[in-house]
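Work through the exercises below with the coordinates loaded, and try each task before reading its solution.

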Amino acid sequence: MKRVTVIGGGVVGLSSGLSLQRLGHAVTIVDKLPPGDRGACSFGNAGILANYEVISLNSPKLPMQLPGLLSVNDGPVSVLMNRHFLKKTIPWGLSFLSNCTSGGSEATQRALASLNKHSKQAWDDVLRELSPGLTSDTRVIHATNAAGWEGLLAAAARRRAVVGAEYETFSTPKEITAVEPTVGVNPMVRGMVRYGNSCHFRNPGRTMQELAQLFEAAGGTFARGTVANLTPIGTGLRADLAEGDPIESESVVVSGGSESIELVRRCLPRDRVQCEPERGYHIMFTGIDAREVCGHAVGWLPGKFFITPMETGVRVAGLSEWGGRDEPADPNRLDWLERKARLLLPKLPPRDKSRDWLGYRASIPDQTPVISRSVTSPAVFLAFGHGHLGMTQGPLTGKLVSQLVSGQDTLIDLHPFRASRF
């Protein structure tokens, strides 16, 4: 048995803690926020369990499309022209563009497929120990307009070829309305694809809270604070907190999402992981049973956002904004989401502006997370950079981390996820 400190109490950190416990380790999870807090990315995501997803952002077509995406004031991608963007995001972006090749894209798809083939089963194993009804009994839908229809079909076929995704297509108003009536009545909707064996979380924040309760019930402990430094001591490490007592352990797992970036830069200098915080937003529509608005989680491809019916209302989540963590939420981006969502679903209830949300995804240039032993220290393990798929891949990543820490053979080949690739 080892003493293990897990830095980060989101879906990856909680899943790592639970999996490490199952292998007999004593685990402490450190985070400045309580599990499920609205300040965390694991609270504010779209709630999609996208086990079908292998289509990555580093498409070979993107370099030609990028100038148009960035020049449109009314589009889903935006930048904040600040010091962070100039100093850190631009170098990251150049590395990202170098991965926008056929070979780079195909390597990413293979890596994501190796994770997502097992992601649903990993969640099922966890959900059996939690309250019923945390996930939907409906599948995830992708919908588009006439201009995007052929691309939607091509993406579905690619997902089937790479990861074995099952799907159905709906291409007439009658078919669409039978599945999702509020979407089917909109004349701009050309068609939909529904992915089998997928689902959405009805309350991501509550799901995190239940994972935390399960962890504590099994003897796990939480420490509230921010890790300022990692100090070698013997064969282990001491996590020095900016506030509170230090924590000593034989192993440390860095799984704090986008907040892992500065810690790695500061404390693990030989781990040159290229990772940037990608800003994402969500808005909530309340005052009605969300299932009356839409029965499925619907991804609207022209706007690059999801509309998800949840316990707390209808969540619309999306956007990709670059420029670091320091700038406040842009109200124009939030209004953009509302405007575009109402074009698709005009009968949405009132937006609750008190619940507007901004969070930060950890994004890596090759769109592949790091799940690896540290290059700097053999006692440190890295598990972050999941981008838009953290909620999907959390429990599987936790299982892989526990196998690495325990010196076991891992369920999948982790070479594509190694920290030394940068």
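On a 1 Å grid over the protein atoms alone, a cavity is a set of points where a 1.4 Å probe fits but cannot get out, and its lining residues have an atom within 4 Å of a point. The model is predicted, so that local features need pLDDT of at least 70 and side-chain atom pairs count only at pLDDT 80 or more, while totals for chains, interfaces and linings use all residues. Residues are numbered from 1 along each chain as its sequence is written, and side-chain values use heavy atoms, with hydrogens and water left out.

**Exercise 1.** Identify the residues that line the largest cavity, and sort them by class.

*Solution.* Begin with the search of the whole structure, which returns 1 cavity of 30 Å³ or more. Its volume is about 30 Å³, where a volume is the space filled by probe spheres set on the points, and grid points are joined across faces, edges and corners. Next, list the lining: Ile261, Val264, Arg265, Val273, Cys275 and Phe384. Helix H10 (residues 260-267) gives the most to this lining, with 3 residues; helices (H or I, at least four residues) and strands (E, at least two) are DSSP runs, numbered from the N terminus. Finally, the classes come out as 5 nonpolar, no polar and 1 charged, with Ala, Val, Leu, Ile, Met, Phe, Trp, Tyr, Cys and Pro counted as nonpolar, Asp, Glu, Lys and Arg as charged, and the others, Gly among them, as polar.

**Exercise 2.** Describe how strand E20 is covered, and with which strands E20 pairs.

*Solution.* E13 (residues 251-254) pairs with E20 in the parallel sense over 3 bridges, and Val254 has Leu382 as its bridge partner. E19 (residues 370-373) runs antiparallel to E20, joined by 4 bridges, with Val370 partnered by Phe384. E19 and E20 form a hairpin with 6 residues between them.

**Exercise 3.** Is His200 buried or exposed, and which backbone oxygen lies 3.0 Å from a polar atom of its side chain?

*Solution.* His200 lies in strand E8 (residues 199-200), and it counts as buried because its relative accessibility is 2%. The backbone oxygen in question belongs to Pro309.

Key. Buried means under 20% relative accessible area, exposed over 50%, partly exposed in between (1.4 Å probe, protein chains only). Two strands pair if DSSP finds at least two bridges between them. A polar contact is a pair of N or O atoms within 3.5 Å; within protein, one must be able to donate a hydrogen and the other to accept it, and residues adjacent in sequence count only if both atoms are side-chain atoms. On a 1 Å grid over the protein atoms alone, a cavity is a set of points where a 1.4 Å probe fits but cannot get out, and a pocket is an open set with protein on both sides within 12 Å along at least five of seven lines; lining residues have an atom within 4 Å of a point.
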